Amino acid sequence: MIKITNLEKFYRTEEVETIALNKLSMHVDTGEFVAIMGPSGCGKSTLLNILGMLDDPDEGSYVFNDIEVAHFTERKRADLRKHNIGFVFQSFNLIDELTVFENVELPLIYTGVPSAERVKRVEEVLDKMQIMHRRNHYPQQLSGGQQQRVAIARAVVNKPKLILADEPTGNLDSSNGNDVMELLTDLNEQGTTIIMVTHSEHDARYSHRIIRLLDGQTVMENIMI
Amino acid sequence: MIKNSIKTAWRSLLRNKSYALINIVGLAIGIAACLLIFLIVNFETSFDNFHKNKGQIYRIISAIHTPQGINLGSGVPLPTAESIRLDFPQVKQVAAIMLEFGAHFTIGDNSQGQTAKIFKEDDTFYVEPQFFDIFNFGWLAGDKKTALSDPYTVALTQNEADKFFGDWHNAMGKVIKLGDKKGYKVTGILKNMPANTDFPLKVVMSYSSIRAKGSDYYDNFKDWVSIYGSNNCFIVLPEGQNIAQFNNQLTAFVKKHKPADYAKDGMQLQALGNMHYDSEVQLFRTDAFSKSLIRSISLVGLFLLIIACVNFINLATAQAVNRSKEVGIRKVLGSNREQLVIQFISETLIVTVFAVLLSILIAEAVLPYLNHLLDIHLSNDFILAPPVILFLVLVIAGVTLLAGLYPAMILSGFNPIAALKNKFVSTKSSGVSLRRGLVILQFCIAQVLVIGTLVIIKQVDYFRNKPLGFAKDAVVTVPFQNDSVSLTRINTLRDQLLQQPGINKVSFSSASPSDNMGWSTDFKYNNSSKQTDFNADLKWADVDYFSLYKLQLVAGHIYAKTDTVHEYVVNEALLKKLGITNPNDAIGKNLELFNDKTKNARIVGVVKDFNVRSLKHDIPPVIMAAYKSTYQVINIKIQPTNIKESLASIEHLWNNTFPNNLYEYQFLDTKIAAYYKSEEQQSDLCKIFAGIAIFISCLGLYGLISFMALQRTREVGIRKTLGASVSSIVYLFSKEFTVLILLSFAISAPLGWYFMNKWLMDITYRITLGPGIFLLAIAVSIVIAWLTVGYKAVSAALANPVKSLRSE
């Protein structure tokens, strides 16, 4: 599903040039659950942003589903993204002005799903995440665990092929964290590819494979048994 | 999609109530001011545009050539209309109309136990029947073609007929008496005139009445020299008529009819469409509203709207950081830039719609005061008028784009990754400099208005307090009908008045020293065969006039006490015109008026110049003499201590002397103050506009400083832990705004100087633009800005640093 080759990304400020990704190559197959680990500043987030087509690389190739996307325009990337990729963030990133229902509905609006169909699909996924009873609440009225469920519901409502999770349990206690990991595992078992950035060895154990980064390069790959 | 945008927009406004409120209130006040200005402009530009032939209607005005240039005047000699009819067969319609200002009417008589009612009506006219073919005024009763054909017939408007006879239905066929003389039969009822006409007809008498034998004007219908300012002539030209060509024909027309000496008093056309805007040529009773004034106030309206939009832009971009997370999420979820722009624009749209609704309420509430202030008649159901609706729709569209587009472009342009992390190093700094620029723009506009206001206030104050060369205080002027019977009674009245304890002096004259009605003529000096090429104002008065008004002589003495012209006194300005430097040289020289030997007399005195007209104009040459038959005003100097008793005894004595007339009085200083009505109105308007501009700007400043305080909580906390004092923190916040205001002053001061200097150039007696006004303007802006910023700055500085650091 994903194949990146010699990917490079630099950050320049007026005086310093930082290499975030240094000729990084890797691949992820459809249906895999991959964890990316590494110390702060090793390039995990940069990699995830490029994989999520939120950012473009400076050099190298990124093939997504047999399409070379490394130098797509923003509009094309956005188009590909909204149909194929769901995001889960550490800080949930729900929109405070929208209710649970409306937050989950948002990706469907942007992909142009008709209204009746939207209601059906949002209700379906809320049900699955067991937060149907909270559908008319606003994010700030929910606990952290509930907010992350909403965020996952939103990530999957469009039935994406790939879910990118950026430390999904980072703001949660261990019990809620485990629930979230179970949810992701379920999704993976139903066929969704998952790439997750994490600091937690515990969480990483849920994955099939751990890619460890240091200074923008792959240093080790562990296959989980 | 749209629904979602509006929903989010609405909730986001609810979450930021205070900013929404600042935005809506600021915008609403700006839009309300703009709306009211639009109403004024719409009203003033609608004058007399309801006449069917309006494009072909012209007024024939006089164009008098003087050494200083051409003076235009509304009036023409009495025979003009009839001669145009004869000499210009191609002219479709011709109509004369003459104002009979301040006419008194008597209804009923004192016989059979009834008492006669006396009414004064300023809006009284003599009109030819053709007038109603040219102008579309409606009739309720009577035939517009014939009603005013015969002498001594009159048409009344509905309101006037109701006033005279209780109900206009009873008015037809009744008789009203002009003064206490001739009776006029009511032969027509007119619909009430609309507010937007320069023909405020109320009582319309047939023009043939003044052409009839026995009328005071009868002989003047052969007089081509005298120009009656109140006698206007309107014509309808055939379509395609070349105006320049017609003006040339008018020059020939004047040459044909006027004596050779007066051929320089030419005539020309003035289009009906220009009449309302030309302040040089008088209108009957309404004030002209110059195109430049329309432009100025439209500009002010636009500026107020811009100031209000600036608030919106400033607050929206300042809030951008708060909105960045939302932008990031939406982009991650697949929103493209256009969708985000639409969303932010719809937020602006909601705010603007609310602001417009609020502005309509404000305008409705303020309208009566505005009508009163400007003496205009705007109706409260303005909101139903199509132009107003169109205007409001355009305002909504314009403001939404002007205020919404820039923030929308900024917000929607955020990089989603940075947006999610609240990292805006580069955009933030450019946003700040834009905001600075906009604050400078706001204060620039506000300060120009403040400078303008201060200059106008100072000028009006100068008008009020400048010595006029005569004593105007505690003088009551009382007009009376100067028919021969009344004139026989005035000496007795004088003696009776002088016996009253509170009355110091009494004088009879044709006018007060400074008066809005004048009489002027050219004359022959020192037995010259030629008339002078300038006119002198005539001030006929008895000898007591000089002591009552404390007029000072610079040479010679006052004329002797007589009833007819025997000797003249002239003013310094007249000598200057004649090129005489030593006033004593004029004493003993002859003056002859009207080519009339009985008005040939010696100059015996020269009076120091006094202001004859408003201070906007120069002092003209003046000729004074005793001439009883022209007297129509009693000047009475009273003791300021018991004004009430004096007024009561004056009224009592006057009514005894002239039982059939209507008593009126006016304090001279009140009358003089009224000359500056339009300046006072401008001053009041300016005060309001400047106040609004300052208020909206400060509202924006308050919003910005609140936001800054919030953004810099952490910085303030760190500074305080490191030992910063409260005053140094307050200084930190105030410094930037003070610098911005000083910068805006650097731009607004020269602009203000330029505009106000131009305004003052039209006024003869004007103030000089010193630094005082400008210092005051900058001081006012800084103090107001500090007060606005101060509260927030102090509360930010006083906040406990432990809290602010922990909350980060």
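The model is predicted. The predictor assigns the complex an ipTM of 0.80 and a pTM of 0.81. In chain B the average pLDDT is 86, and 97% of the residues score at least 70.

**The interface**

- About 2300 Å² is buried between chain A and chain B. Carbon and sulfur atoms give 54% of that area.
- Two salt bridges cross the interface of chain A and chain B. One of them joins the side chains of A:Asp96 and B:Arg15, at 3.7 Å from N to O.
- Six residue pairs are in polar contact between chain A and chain B, both at pLDDT 80 or more.

**Helix 2 of chain A**

- The buried residues of this helix are A:Arg77, A:Ala78, A:Leu80, A:Arg81, A:Lys82 and A:Asn84.
- Within chain A, these buried residues pack against strand 4 (59–64), strand 6 (85–88), helix 3 and strand 7 (162–166). They also pack against helix 10 (320–332) of chain B.

**Salt bridges within chain B**

- Over all chains, the structure holds 35 salt bridges.
- B:Lys120 and B:Glu664 form a salt bridge, with the closest N and O atoms 2.5 Å apart. B:Lys120 lies in strand 5 (residues 117–121) of chain B and B:Glu664 in the loop between helix 19 (643–657) and strand 25 (666–667), so the pair ties together parts 544 residues apart in sequence. B:Lys120 is partly exposed, at 27% relative accessible area. B:Glu664 is also partly exposed, at 23%.
- B:Lys671 pairs with B:Asp515 in a salt bridge, the closest N and O atoms being 3.3 Å apart. B:Lys671 sits in helix 20 (residues 668–674) of chain B, and B:Asp515 in the loop between strand 15 (503–509) and strand 16 (520–521), 156 residues apart. Both residues are buried.
- B:Asp537 forms a salt bridge with B:Arg613, with 2.8 Å between the closest N and O atoms. B:Asp537 counts as buried, at 5% relative accessibility, whereas B:Arg613 is partly exposed, at 36% relative accessible area.
- A network of salt bridges links B:Glu82, B:Arg85, B:Glu128 and B:Arg211.

Notes: Residues are numbered from 1 along each chain as its sequence is written. Chains are lettered from A and ligands numbered from 1 in the order in which they are written. Side-chain values use heavy atoms; hydrogens and water are left out. Buried area is the accessible area (1.4 Å probe) that two parts lose on being put together, summed over both. A salt bridge is a side-chain nitrogen of Lys or Arg within 4 Å of a carboxyl oxygen of Asp or Glu. A polar contact is a pair of N or O atoms within 3.5 Å; within protein, one must be able to donate a hydrogen and the other to accept it, and residues adjacent in sequence count only if both atoms are side-chain atoms. pLDDT is the predictor's confidence in each residue, from 0 to 100. Buried means under 20% relative accessible area, exposed over 50%, partly exposed in between (1.4 Å probe, protein chains only). Helices (H or I, at least four residues) and strands (E, at least two) are DSSP runs, numbered from the N terminus. Contact means heavy atoms within 4.5 Å.
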